[in-house]
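Reader: I am new to this structure. Please take me through one part closely, then show me how that part sits with the rest.

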Amino acid sequence: MYFDSFAAFLHMDGHGVFVWSVYGSAVLVMSLLSYLPLKRKKSTLAALASTLESCALSNSSESH
Amino acid sequence: MWSFFHKLGSPRWFYQISGRFLPWISVTAVSLLVVGTIWGLAFAPEDFKQGNSYRIMFVHVPTAMVALVGYYVMAAAGAVSLIWRMKMADVVMRSCAPIGAAMTFLALLSGAIWGKPTWGTWWVWDARITSMLVLLFLYLGVIALYEAYDNKVAAGRACAVLSLVGMVNIPIIYKSVDWWYSLHQPASIKLTEESTIHSSMLQPLLFTAAGFYLFYATALLLYIRAELVFREQNTRWVRDLALGKRD
Amino acid sequence: MNFFIATLRRELQISARRRVELTNPLFFFLMVVAMFPLGVGPDPTKLAELAPGIIWIVALLATLLAADGLFRTDAEDGCLEQLLVSHQPLYVSVLAKLCAHWLVTGLPLTLCAPLLGLMLQLPSPAMTALFGSLLIGSGVLSFLAGIGAGLTVGLARGGMLVSLLILPLYVPVLIFGSGAVQAAGRGLPFESHLLILGAMLLLAVCLSPLAIAAGLRISMDN
C-alpha cells in the first residue's frame, strides 16, 4: 500500500474527487454497456415467447 | 480456414460459440481490471509532478486506445459486410458504434477531469483531446445515419460506407490536428512526456489496458448477441430459445 | 470522356435554368459573414484576426447546405435511376455531377471571398492565400459533401444529417485552409498549405466518387 491510511487513500492529497469521479463514471458507463444489451436480449425473447404462446393458444382453441 | 469463415457467418453457430466463451472473457476482463485498478490506485507510487491525479491515466489511456481501435474494428466489419454481404459482419459493425462512442466519451470525460487538477481547466484544445472529440463526432455520425434509415439492411450498408470513409480520414484528421496544435501551442502548457513513464506506473497500466480490451470484446459480444436474437426472431433456434428449449 | 463532358454540360444547363438555387448559397455566405461583426463587435483588429476562421467556417456551412440538393432532384424525377442502370460507369457520372456542382457553388464562393475579406479587414497580403486556399479547398468540400448527399438521398429529410456526417471530415480542410490565410496574414509562406490542400483534393477526387456511387446504390435500393 502506497498510502499511510485509508483516509489518505480516499483523499489523495486533494485529488481524490477527480480520481474517484473518473473511476465512478467508468464503472457506470461500463455497467450500462453490459446491462443494456442483456436487457434488450431478454425483452426481445420475452416478447417473442408471449406472441408464440398466444399463437399456440389461439391455434388450439380453433381446432376444438 | 474457409469452413471456419463460413461457420462464422452463421448466426446460430456464432450465438452458441460466443455463449461458451463469454464467461471466460468477461471474468478475465473483470479480474484484470480489478487487479490493475487496485494496483494503480493504491500501490503505484505518486507522480512527482502531477501528484495523485495521474492515477486517472489507468482509465484514460486504455479507453482512448480502445476507442480508436474500435473504429477500425467497425470499419473492417463494414468492409467485410460490403464485400461479401455477410450478415454477421453487419451485426458486428452495428454493435461497434455504441460501444465505441461510449469509450470515446469516457476518454474525453476522464481527460477533462484530469485536466482540472493538472492544467487548472476542464477543457484544453489540446491535439489529442481535439482528435478524440472528432472521433466521437464520427461515431455519432454513424449512429445517426443508422437510426435515420427505416430499412435496416440499407442502414447497415450505408454505415459501412461511412465508416470506411471515416477510416481513410482518421489518419489525415489526426495528423492535421497535431500540426494545428503544434502551431498554436501556448508555451505555458506542457504535456506529460509519455516516453518517460516509469515502469512502476506502466505495469498497472498494462493490466488495465488488457482489461479494457477484453471488456470491449465482452461488450461487443453482448451487443452482437442481443442484435442476433432481435434479427433472427423468425428462425427456429431463436423461437426455441424464447420458449426455453435447449438446443 | 465524351460521356463526362455530356453529363457536365447537362448539369450546368439545368443549374443555369434554376438561378435562384444558384445564388442562394452565395447569399447565405454573404449574410452569415455579415452577422459576425454584429456579434463580436466592429473592432477592425479583432475582425482581422478572426476573418480567416469566419470565412472558412461559413464556406463549410454553405457547401453543406448546397450539397443536400445535389442528388435529390435527380432522385425525385428518376434521372438518378437511369444513371444507375445505364451502361456508363457511375464513377464518371458522379465525377461530372460533382464538378458541375463545384462550378456553380464552390467557384462563385471563392470569387466572392476576397470581397468579404475586405469587409472583415483582412490584410491585403492574405487575400491571395484566401483566394487560393478556397479555390482548392472548396473542391475538397464539394467532393466530401457529395458523400453525405449520396448516403442520405434515399431519406425523406437529409439536411441536418448531412452536416452531422460530413463536418468531422472537414476538419483537415478547415485547419489547412484557414491556416494558409493566417500564415499569409503574418507574412509567412503559405505555399505548403496550398500543396497539402491540393493533395487532399486529389485524394478526394479519386476516392470520394467511389463512396458516393456506393452510397447512391444503397440509397436507391432502399
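**Chain C and its surroundings**

Author: This is a predicted model. Start with chain C and its partner. In chain C, 24 residues are in contact with 25 residues of chain B. About 2,100 Å² is buried between chain C and chain B. Carbon and sulfur atoms account for 81% of that area. What about salt bridges across the interface of chain C and chain B? The rule finds zero there.

Now go inside chain C.

Take helix H2 of chain C, residues 19-40, and helix H6 of chain C, residues 90-119. Their axes lie 10 Å apart, and the packing angle is about 30°. Angles under 35 degrees count as roughly parallel, so H2(C) is roughly parallel to H6(C). The crossing of H2(C) past H6(C) is right-handed. Which residues meet? From H2(C) come C:Leu22, C:Pro25, C:Leu26, C:Phe29, C:Leu30 and C:Val33. From H6(C) come C:Val104, C:Thr105, C:Pro108, C:Leu109, C:Cys112, C:Ala113 and C:Leu116. Sorted by class, this contact of H2(C) with H6(C) has twelve nonpolar residues, one polar residue and no charged ones.

Next comes helix H3 of chain C, residues 44-67, with helix H9 of chain C, residues 171-185. Here the axes come within 9 Å and cross at roughly 145°. H3(C) and H9(C) make a right-handed crossing. On the H3(C) side, the contact uses C:Pro52, C:Gly53, C:Trp56, C:Ile57 and C:Leu60. On the H9(C) side, it uses C:Val173, C:Leu174, C:Gly177, C:Ser178, C:Val181 and C:Gln182. How do the residues of the contact of H3(C) with H9(C) divide by class? Seven are nonpolar, four are polar and none is charged.

The crossing of H7(C) past H8(C) is right-handed. H7(C) brings C:Leu144, C:Ala145, C:Ile147, C:Gly148, C:Ala149 and C:Thr152. H8(C) brings C:Leu161, C:Val162, C:Leu165 and C:Ile166. In this contact of H7(C) with H8(C), eight residues are nonpolar, two are polar and none is charged.

Now step back to the other chains. Two pairs of chains touch, and chains A and B make the most contacts of the two.

Look at that interface. Chain A gives 30 residues to the contact, and chain B gives 45. Chain A and chain B bury about 3,300 Å² between them, with 76% of it from carbon and sulfur atoms. Within chain A, the residues that lose the most area to chain B are A:Tyr2, A:Tyr23 and A:Leu33. Together they make up 20% of what the chain A side buries.

Salt bridges come next. Side chains of opposite charge can pair when their charged atoms come close. The interface of chain A and chain B has one salt bridge by the rule. A:Arg40 pairs with B:Glu227, and their closest N and O atoms are 2.8 Å apart.

Over all chains, the structure holds twelve salt bridges. One of them lies within chain B: B:Glu147 with B:Arg94, the closest N and O atoms being 3.8 Å apart. B:Glu147 is in helix H5 of chain B, residues 127-148, and B:Arg94 is in helix H4 of chain B, residues 87-119, so the pair ties together parts 53 residues apart in sequence.

Notes: Residues are numbered from 1 along each chain as its sequence is written. Chains are lettered from A and ligands numbered from 1 in the order in which they are written. This is a predicted model: local features need pLDDT of at least 70, side-chain atom pairs count only at pLDDT 80 or more; totals for chains, interfaces and linings use all residues. Side-chain values use heavy atoms; hydrogens and water are left out. Axes are lines fitted to C-alpha atoms, for helices over the stretch in contact, and angles run from 0 to 180 degrees between N-to-C directions. Helices (H or I, at least four residues) and strands (E, at least two) are DSSP runs, numbered from the N terminus. Angles under 35 degrees count as roughly parallel, over 145 as roughly antiparallel, 65 to 115 as roughly perpendicular and the rest as oblique. A crossing is left-handed if the near helix is turned anticlockwise from the far one by less than a right angle, and right-handed if clockwise. Contact means heavy atoms within 4.5 Å. Ala, Val, Leu, Ile, Met, Phe, Trp, Tyr, Cys and Pro count as nonpolar, Asp, Glu, Lys and Arg as charged, and the others, Gly among them, as polar. Buried area is the accessible area (1.4 Å probe) that two parts lose on being put together, summed over both. A salt bridge is a side-chain nitrogen of Lys or Arg within 4 Å of a carboxyl oxygen of Asp or Glu.
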